[in-house]
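Here is a short report on a two-chain model. Look at the structure first, then read on.

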Amino acid sequence: MRLWVFVIVCLTMLVADLHFRYLEVVRQTLSVVLYPVEMAAATPAEFVRNASKYFATLIKVQRENRELRRKALADAERLLRQTELERENGRLRGLLAMAERVSVTSVAADVLYEARDVFSRKVIVDRGSQHDVTAGQVVVDEQGVIGQVTRVYPIQSEVTLVTDKAQAVPVRIERTGQRAVAYGAGEGLLELRYLLANADVQPGDRLVTSGLDGLFLPGLPVARVVSVNRELQAFAQIVCEPLAGVGQAAQVLILGRAQPAPERQVPPPQASKD
Amino acid sequence: MQPTHRSRRILRPVRIWFVYLSLCVALLLSYVPTGQVPGVPDWVALLLAFWCVRERQHVGMGAGFIFGVLVDIGYGAAMGQHALAYVLLAYAANAVSRRVLWFTPLQQSIQILPLLLGAQLVMVVVRMLAGAEFPGWGYFLSSVTGTLLWLPLHFVLLLPQYQPEERDNNRPI
């Protein structure tokens, strides 16, 4: 009898959480209470991490330093060109009377560890609500998108990787401009769903974010198409692999819009006259 | 001769605060971020099973539920996932306790293995029904390490109960 009461309570909680997301408030409240305990438990892991950093050899550091200098030089050159281009872009946009592209705030973060939940692909990073991270922000490494912030704690946040089955990214195929949605497929891969079997997709195509959802910034590289199987059903089965080091990234950048995405509106008819 | 438990030592009664303290320590251990390394034992499940077998009148489904919810929050897992598994584990452990206690600790551990595996299976089924991916067979390794830890845990956790009231070298206990 008591068993059934408990089982029913648990099942209700599962449905409320997984399906309706009703229990986020409860989770946030309790996690604040549990926070010191979690911090205490994280100390040994922290220690191991710092120790491995400490014992990194001089040679390795020197090599890395050389590498970084070279990279900084290359970046400086591109940065110079970019400021030039940005100025030119601003001027041209001004001429066209278009709004400036949304500016971006970014927070650099270290990946602390993978989340313990084995059923999802999530990592914990060391920046949280105290560093103005909010849920929904995009997380990138130097090669592309790795995921999205899904839960924010005071000084940590949980990032769901793009390869998680519950994660979807609105994308555009760079070559054709075709819009689609990339879902996590498990095993470190993504899949492009709901594209017709005759859609123009080839292995090797790059996918970038389309920015249509107002959360992801447009134009961030996401994945590369690996294989296309058109013989299954009405929809093609398209498997992609992420461009960013989704599983390995140690340093990431959390991107957010400095201002909210503009309201989507139909241009007023008199605009076309002038 | 009257039949007795195979462990022939006469134990002092358990202290309830010690039971809950050990469960809290297990909770702390389970919060240690080990990532997704396979074979890390589920400490809370193990301790819960232990006390549900040893002290079936004190520890049961209520403790399973509360510690399950705490683990769910710490892991960032679905709320109720561990709670459900631990409630069922506690129920099963309570049910088999009177039989299991007749065996030596080593034989007990063999009988606990299916319970721990069952609890993990419940979690796999629940999450896969909700659309998660299969975590791989390595996931079940943590039950095996848990089983191997049963014997040392049996010794450590019963240590306070081995202590006599006052030390007397002429007394057999």
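In this predicted model, the contact between the chains takes 36 residues from chain A and 30 residues from chain B. On the chain B side, helix H1 (16-31), H3, H4 and H5 each supply at least two residues. H3(B) gives the most, with six residues. The classes on that side are tabulated here.

| Class, side of chain B that touches chain A | Residues |
|---|---|
| Nonpolar | 21 residues |
| Polar | seven residues |
| Charged | two residues |

One helix pair spans the two chains. The axes of helix H2 (residues 24-54) of chain A and helix H3 (residues 61-75) of chain B come within 10 Å and cross at roughly 85°. That angle makes H2(A) roughly perpendicular to H3(B). H2(A) brings A:Arg27, A:Leu30, A:Ser31, A:Leu34 and A:Glu38, and H3(B) brings B:Leu70, B:Ile73 and B:Gly74. These contact residues divide into four nonpolar, two polar and two charged.

Now to H5(B). Its 25 residues (105-129) should span 36 Å at 1.5 Å a residue, and the end C-alpha atoms are 36 Å apart, so the two values agree. H5(B) has a kink of about 30° at B:Ile112, shortly before the proline B:Pro114. B:Ile112 is also one of the buried residues of H5(B), which include B:Gln108, B:Leu115, B:Met123 and B:Arg127. Their cover includes helix H1 (2-18) of chain A, along with helix H2 (43-54), helix H4 (81-100) and helix H6 (141-162) of chain B. After H5(B) comes B:Gly131, with a positive phi near 100°.

Methods: Residues numbered from 1 in each chain as written. Chains lettered and ligands numbered in written order. Predicted model: local features only at pLDDT ≥ 70, side-chain atom pairs only at ≥ 80, totals over all residues. Helix = DSSP H or I, 4+ residues; strand = E, 2+ residues; numbered from the N terminus. Expected span 1.5 Å × (residues − 1). Bend = angle between axes of the 7 residues up to and from the residue. Buried ≥ 20, exposed ≤ 12 C-beta atoms within 10 Å, placed from the backbone. Contact = placed C-beta atoms within 7 Å. Axes fitted to C-alpha atoms, helices over the stretch in contact; angles between N-to-C directions. Parallel < 35°, antiparallel > 145°, perpendicular 65-115°, else oblique. Nonpolar A, V, L, I, M, F, W, Y, C, P; charged D, E, K, R; others polar.
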